Amino acid sequence: MMLVALLLCVAGLFAVAVAATILAANVPGRVLTYGATAALTLVALSLSALGLFGGGIETLRLPIGLPWLGANFRLDALAAFFLVVVNLGAAASSIFALGYGRHETAPQRVLPFFPAFIAAMNLVVLADDAFSFLFAWEFMSLTSWALVLSHDRDATNRRAGFIYIVMAGFGTLALLLAFGVLAGTDGNYAFAAMRAHAPDLQTAALVLFLVLLGAGSKAGIVPLHVWLPLAHPAAPSHVSALMSGVMTKVAVYAFARVAFDLANLSDWRLSAVVIALGGVTAVLGVLYALMEHDLKRLLAYHTVENIGIIFVGLGLALAFRANGLHAAAALAATAALFHVFNHSLFKSLLFFGSGAVLGATRERDMERLGGLIHRMPKTAAYFLIGAAAISALPPLNGFASEWLTFQAIFLSPHFPQWGLRFLAPAAGAMLALAAALAAACFVKAFGITFLGRARSPQAETGRETDKISLAAMAGLAALCIVAGAVPGTFTAALAPVSQMIASDHMPSRGLAAPWSPLVPSLGSANSYNGLVLLALLAAAIALVMLALRILANGTSRRAPAWDCGFPDPSPATQYGAESFAQPIRRVFGTIAFRAREEVFMPQPGDTAAARIHVRLIDPVWEAIFAPIARGVGFVADTMNPLQFLTIRRYLMLVFLSLVVLLAVLALWL
Amino acid sequence: MMPPIDPALATLIVPACAALVLVIVPFSRLGGWINVLASFLTFVAALALLIVRPAAGALLAVDDLNIVFIVINTLVGFTTSVFSAGYIAHEVETGRLTPRYLRFYHAMFQFLMGSMNLALLTDITGLMWVAVEFATLTTVIMVSLYRTREALEAAWKYFILGSVGIALALFGTILVYMAAQPVVGDGLPAMTWGTLLANASRFDPALLNIAFAFLMLGYGTKAGLVPLHAWLPDAHAEGPTPISAVLSGLLLNVAIYAILRFKLLLAANPGAVAPGPLMMTMGLVSILFAGFMLYRRRDVKRFFAYSSIEHMGIIAFAFGLGGPLANFAGLLHMAMHSLTKSGIFFSIGHMTRIKGSQRIADITGLTSSHPLLGWIFVASVAAIAGLPPFGVFTSEFLVVSSAFAHKPLLAIVLVIGLLVSLGALFLRLNSLAFGEPTGSLAPSRMTHAPMILHLAIVLGAGIFLPAAIAAWFQHVARMLG
Amino acid sequence: MGAISFDLAHLLAGSLVLMSFVMLYQDRLPSLINAFALQSALLAAAVAWQALAQRAPHLLVTAVIAVTLKAIIIPLVLRYLIRSLGIHRTIETVSGIGPTMLAGMVLVALSMGLMLRATEASNVIAREDIAFALSVVLLGLLIMVTRRNAVGQVIGFMSLENGLILAGTGAHGMPMVVEISVAFSVLIAFIVIGIFLFRIRERFDTVDVAALDRFRGERQ
Amino acid sequence: MTAALALQGAQSVLALILAPLITGIVRKTKARFQLRRGASILQPYRDLARLLRKESVLADNASWLFDLAPTVILAFTWVAAALIPVLGTDPVLASAADLIAIVGLLASARFVLALAGLDIGTSFGGIGASREVMIASVAEPAMLMLIFALALIAGSTHLPAITAFVQSPALGLRISLGLGLIGLIMVAIAENGRIPIDNPSTHLELTMVHEAMVLEYSGRHLALIELASSLKLLLYLSLIIAVFLPWGADIHWSGWPPYAERLLVYLAKIVALAFLLGLFEVSIAKMRVFRVPQFLGAALMLTLLAVLLRLVSGSF
């Protein structure tokens with residue numbers, strides 16, 4: 001029943017997409033489109049939430065797609081959870097777009113694809129056979145590719161679109177091969193058939209490798225992340241939010257679906273690969289972000305980081321499960337899934353904020369922003385909440401899920417294998433490093449963008465964004481606080497999912513006891529109670545304020561900045577994004593990016609300005625993608641003369657083929 | 001109720017009569033309309049075949065293999081005639097063609113359609129060969145229509161290579177006859193598909209093998225498989241665009257169809273060496289070669305001609321791989337490719353006409369300057385690149401996944417080839433459809449209907465494949481082994 | 001079928017192969033044309049003999065076509081073309097005569113080895129004919145790929161086609177040989193007309209990069 | 001329950017009151033070792049009172065965040081400090097936050113402080129903030145690894161549980177613990193901006209970290225910041241006591257009022273640590289900013305080594 005209703009929502013979204021080709025022409029039409037999308041996704045959201053709590057499994061077969069297979073759909077706990085994530089993010093984006101989308105410069109390039117993109121993501125999660133899955137998956141890529149190209153006059157966006165679609169094609173083909181392996185030689189593409197027989201170790205390893213390539217390239221696992229910081233920022237901000245906050249989660253879903261459900265990976269060595277990749281991804285992702293001064297790109301790189309954290313969690317869950325430690329597996333899986341949910345909240349929020357900034361100033365480059373907290377106080381406040389949440393600061397939601405991940409890592413002594421016992425702490429160290437660097441990065445992101453003095457006229461004149469956009473941000477910010485305050489409720493809601501993929505669930509007192517602390521496993525003394533912490537902090541702040549009112553001189557006076565007595569009126573003397581990250585670049589960047597600083601100092605007496613130039617080398621691009629591009633170019637150049645042969649030479653080719661073929665036959669017979 | 005005239009025969013007679021009429025009719029515009037009408041009638045006749053399938057006659061036979069292709073053939077013929085009515089009229093306006101050539105063009109078009117219909121419908125190997133040969137000759141003339149130095153050179157290249165190919169195919173046909181003759185006796189039965197297929201298991205396998213080698217190279221030349229492809233890019237690039245559409249969409253299919261027919265015989269003969277390795281090798285080489293060649297193309301029609309080579313490679317690979325899934329995929333891919341690629345050539349016709357150039361560098365930002373055309377083109381390229389929701393995705397899905405299950409290493413090569421060409425397609429699409437529009441911004445006055453129709457069919461097939469078509473394809477796929 | 005019948009068929013078919021070698025040897029256009037005319041005449045004789053031996057009078061049509069079109073008309077036309085287009089009389093061959101002849105021998109060996117083993121079920125005359133026919137086809141192709149001159153290539157093609165007709169008539173009771181030979185004649189007529197219409201001169205074959213740049217837009 | 005809550009409240013107030021005293025003791029110790037008389041150990045209290053009396057001067061372009069930040073920083077630090085068990089082994093609210101959460105609270109405070117440093121848009125604020133986050137980016141992983149080592153040894157990240165375990169007879173002399181202690185001390189030095197990482201009393205531009213961030217604060221705002229810094233120092237010292245020197249925290253001498261003896265023991269330990277810190281600071285020179293990551297990297301390595309050694313030493 002729920003499944004049918006969800007599919008109807010998807011169909012409705014497609015209908016909206018078709019209608020949007022006409023509706024995009026005027027403002028009421030756009031409002032209608034986004035409004036309808038928001039309404040449909042909200043309905044889908046409530047349906048999937050019901051599906052999650054309902055706990056049953058529904059399946060449905062429609063007579064479309066491959067004739068002998070049909071299109072199979074299935075709603076189970078895992079799918080329901082990811083549908084919640086997808087539709088929550090989609091609803092938030094649609095609502096945000098009700099305001100933000102009015103300023104859209106190319107609405108007819110955005111509106112038709114936006115609902116279709118959301119519908120495709122829903123279908124990926126619902127699909128229950130390889131064909132429907134990949135169909136929806138690649139359609140999702142195609143629609144989002146079109147959205148990336150919505151500002152196609154910009155050459156960088158076109159390049160981003162190109163790299164994106166090639167990576168997407170690569171990912172789809174890898175997944176296709178993975179399903180090919182799982183389906184076996186008789187080509188049974190139904191997930192039910194794949195579930196039925198467990199692959200042997202070699203096959204499982206192959207499947208894992210291919211799924212990491214396929215889902216990993218969409219999620220942004222290093223080194224397959226290169227498209228992500230290019231493509232996510234290129235799209236309009238509400239779409240960036242969807243791509244970064246939601247689509248990467250769909251990729252996580254794909255991985256989880258295959259690893260936990262279809263292939264049922266049960267060898268610890270395989271999980272070790274996932275953990276290691278996750279750790280590396282987390283650290284490199286955040287380091288990339290630190291080197292960045294384009295606000296949206298910085299956010300996209302943070303998606304890479306968070307995907308790393310999620311994959312560490314999933315890898316740990318696989319590892320625990322492989323060793324029969326189901327309670328621990330449930331903890332790790334819940335941590336990862338909770339982080340999935342949380343990341344979709346704050347990443348959408350942050351992209352909305354960056355969209356508001358972009359709308360107000362037409363600037364994404366942080367070096368040309370600054371001081372926006374004065375012009376856009378509300379946006380600044382919401383962005384700050386998002387920034388704190390993504391930096392894993394208590395009492396917000398990002399901390400809660402990272403706390404759970406760390407708790408899962410602390411259970412690593414239970415591993416019987418030495419490899420995992422060493423790997424898990426190492427992954428923990430990487431996560432810790434990533435968390436600390438993320439905080440540093442968001443001090444930069446928020447500080448340089450919103451604080452200080454305006455670095456450009458646009459930043460000086462920016463205006464607060466519209467009420468609807470602010471409402472969307474406020475809603476997400478509130479959710480970040482709520483999920484941080486009562487994480488127990490959310491982990492309790494995840495119980496059916498972890499029961500499904502890890503055969504156990506975290507101890508909880510259910511949804512009805514939001515005040516109960518988060519306890520990682522039965523009998524553990526460790527606990528975290530966001531609500532109490534929040535109350536304590538509120539009380540402390542109230543006490544301090546009260547004390548100030550009673551004890552302190554409450555008057556304030558405005559004066560020019562002190563700055564050790566040498567205030568400089570030029571905003572250029574402030575710290576910018578580059579200079580802020582300079583210490584960290586010197587510590588980490590020299591290793592990760594071979595960062596070099598070149599200083600051009602004019603001769604004494606010369607009035608030319610001194611310049612400092614920073615050179616960063618992206619190791620992944622240099623080591624993998626540039627050689628591939630060069631290789632393709634080289635092969636193409638080498639082959640190209642074959643277009644310019646003479647007829648006689650072409651005849652020679654035919655003749656030689658014939659002779660070779662006949663000779664082979666003569667030898668064969 | 002039996003139709004008053006055998007529809008299978010009608011698909012041959014209508015074009016033949018129309019060709020005669022068109023030679024006589026002096027007015028170009030009228031000629032265009034007669035062309036459309038005749039093509040439409042042919043298409044209706046072919047549709048009638050779907051409803052009433054006539055019993056196999058002496059010369060013509062309709063079965064599960066050719067029924068879909070005859071419908072596609074006549075459909076694309078019809079849409080192309082609609083497209084070319086506008087296109088060629090414009091060519092006359094700009095003075096690239098004179099009315100005298102035009103008359104010739106329309107007659108030739110009908111003649112070409114008739115030959116291809118004959119090749120598809122005939123029950124006799126020799127007749128099929130004759131039909132393919134005449135189709136080749138007609139297209140050679142069409143390619144040389146503009147009389148430019150380049151067009152003549154391309155036509156000559158096509159002519160020589162095509163003739164050699166056709167000669168090799170004939171030798172193969174004779175060898176098949178020789179293989180059949182001791183079993184089924186002298187005369188026509190030894191050249192009739194039905195009899196051949198029924199008795200194929202008793203043929204001399206060695207002779208069949210050699211025959212297939214010749215047929216593969218002969219008809220493979222017509223299909224544009226590497227290394228026999230050389231005529232194809234130039235013929236596509238230098239001829240009139242409607243002819244490029246027909247070449248890519250139909251003639252290549254006819255060639256593959258011929259190969260399939262003979263492959264059926266081999267599949268039915270247990271002693272024959274399976275032709276799989278040969279077809280897979282040629283297929284993979286075509287895919288990879290075309291994929292890389294795409295990157296250095298500067299002419300938009302030549303670019304998509306190479307894409308056709310790639311797709312012929314995929315089809316050949318699928319059939320070479322064998323098994324019900326891959327064969328089904330190959331058949332589906334043939335159908336989808338011919339619709340999609342001819343649609344692409346229609347849109348290329350629009351854009352080259354607007355911009356007055358075939359150079360990729362001269363065509364930019366179509367989605368901005370001509371939104372409808374631009375987005376149709378984007379969708380068509382996405383379709384040909386094998387992205388959903390279009391039908392090519394379905395066939396590529398089946399090919400890749402079944403290849404990986406049987407021949408993992410080859411599947412990886414296949415995947416690399418697909419990826420390489422996907423990259424090239426989108427690289428060029430980036431500049432063709434997006435960015436700042438340059439050149440003429442005049443609206444296109446030609447109809448968009450044929451492109452939309454093709455796209456809609458491909459879209460529909462991607463989402464829902466009618467059970468009847470699936471059943472026919474599955475039947476043939478099983479016979480292909 | 002008597003021994004004489006077989007011997008004559010064998011002789012005629014064998015001499016076709018011989019003529020192919022003669023053509024392979026030629027490096028001047030007029031003599032190449034002459035050799036081709038002779039081969040066509042021999043083909044006509046072989047086909048006529050087959051018509052008698054198989055009691056298939058329709059094959060005589062093919063023989064007549066061969067002798068009129070290919071032994072008489074086309075050689076005449078080609079000579080006219082050479083004069084009117086001012087084509088050089090000497091043909092540039094790709095490699096020396098020696099290696100070409102050697103390659104030809106290998107091809108004949110290949111086709112004999114292949115066909116004679118493959119056609120054990122067929123009757124003797126068909127086996128002989130088909131093996132010789134394959135030799136002629138392959139040698140025709142060899143002529144095509146070793147001549148840089150368009151007319152030379154065309155003659156190679158026509159020689160190849162002679163081989164095909166030989167195969168078609170050799171296959172016992174094969175229908176449609178006439179139709180096929182007519183179709184081929186049309187093809188050949190087109191080719192010859194094509195040389196004229198397209199003004200294919202001396203060297204269609206070229207290694208001059210500047211000439212290749214003519215391909216519209218493909219090289220900048 | 002009420003008693004426990006009262007104890008928790010008392011402990012919180014105690015931390016707030018005690019914090020400036022510790023700062024005073026450290027300063028006094030340093031002064032005496034530098035052969036100065038130095039200010040009274042109560043001077044920090046006087047400073048706070050003076051700052052609170054004064055009018056606060058805000059820069060023209062200071063935002064609401066700048067105004068609010070000191071309150072928030074103090075509140076976060078205070079809550080974190082209140083959750084360290086000092087008087088009893090188990091503060092009633094400790095279940096709300098384990099050691100990771102305490103570190104998280106401090107990270108939150110730092111986050112806000114670094115933002116406040118950037119708010120005015122001065123070069124010094126930027127220099128301080130950027131260096132602070134750089135130091136934190138190494139210090140925090142080290143701290144988390146330390147927590148990890150502790151969690152491995154004690155089987156928990158719950159601070160009272162760790163304290164209880166360290167006190168229990170099950171504990172032998174563990175090399176992991178030793179390494180952890182050294183790591184914690186190094187992190188504590190870095191986190192509190194003590195020499196050799198930072199100099200709390202410097203105003204020499206190029207060496208400032210913490211002071212550069214709070215350069216624009218004055219009056220009551222500065223008072224809150226100063227108090228928060230002192231509180232943080234107290235917190236780390238208390239943490240060292242709770243984890244590595246917990247002995248005596250559960251004694252009960254007959255005839256004494258409840259908790260008085262524990263308070264005495266705690267005070268003795270913390271004054272001793274403050275003295276040692278002063279001694280350490282006068283005996284060492286400040287290092288260059290870019291040596292700091294090496295220093296903290298060493299701490300990180302030590303804590304990682306602690307974890308590995310704990311893993312190797314197997315199951316106990």
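1. Is Q582(A) buried or exposed? Q582(A) is buried, because 21 other C-beta atoms sit within 10 Å. (Buried means 20 or more other C-beta atoms within 10 Å of a residue's own, with C-beta atoms placed from the backbone.) You'll find Q582(A) in helix α24 (residues 577-592) of chain A. Helices here are DSSP runs of H or I with at least four residues, strands are runs of E with at least two, and both are numbered from the N terminus.

2. A word on the ground rules: this is a predicted model, where local features need pLDDT of at least 70, side-chain atom pairs count only at pLDDT 80 or more, and totals for chains, interfaces and linings use all residues. Residues are numbered from 1 along each chain as its sequence is written, while chains are lettered from A and ligands numbered from 1 in the order in which they are written.

3. Now chain A as a whole. Chain A has 26 helices and five strands, and 64% of its 669 residues are buried. Its C-alpha atoms fill a box of roughly 105 × 70 × 60 Å along the principal axes.

4. Next, look at where chain D meets chain A. There, 72 residues of chain D are in contact with 72 residues of chain A (contact: C-beta atoms, placed from the backbone, within 7 Å). On chain D's side, α5(D) gives the largest share, 18 residues.

5. The two chains also share strand pairing. Strand β3 (residues 556-559) of chain A pairs with β1(D) in the parallel sense over four bridges; pairing takes at least two DSSP bridges. S556(A) stands opposite S56(D).

Technical notes. Contact = placed C-beta atoms within 7 Å. Buried ≥ 20, exposed ≤ 12 C-beta atoms within 10 Å, placed from the backbone.
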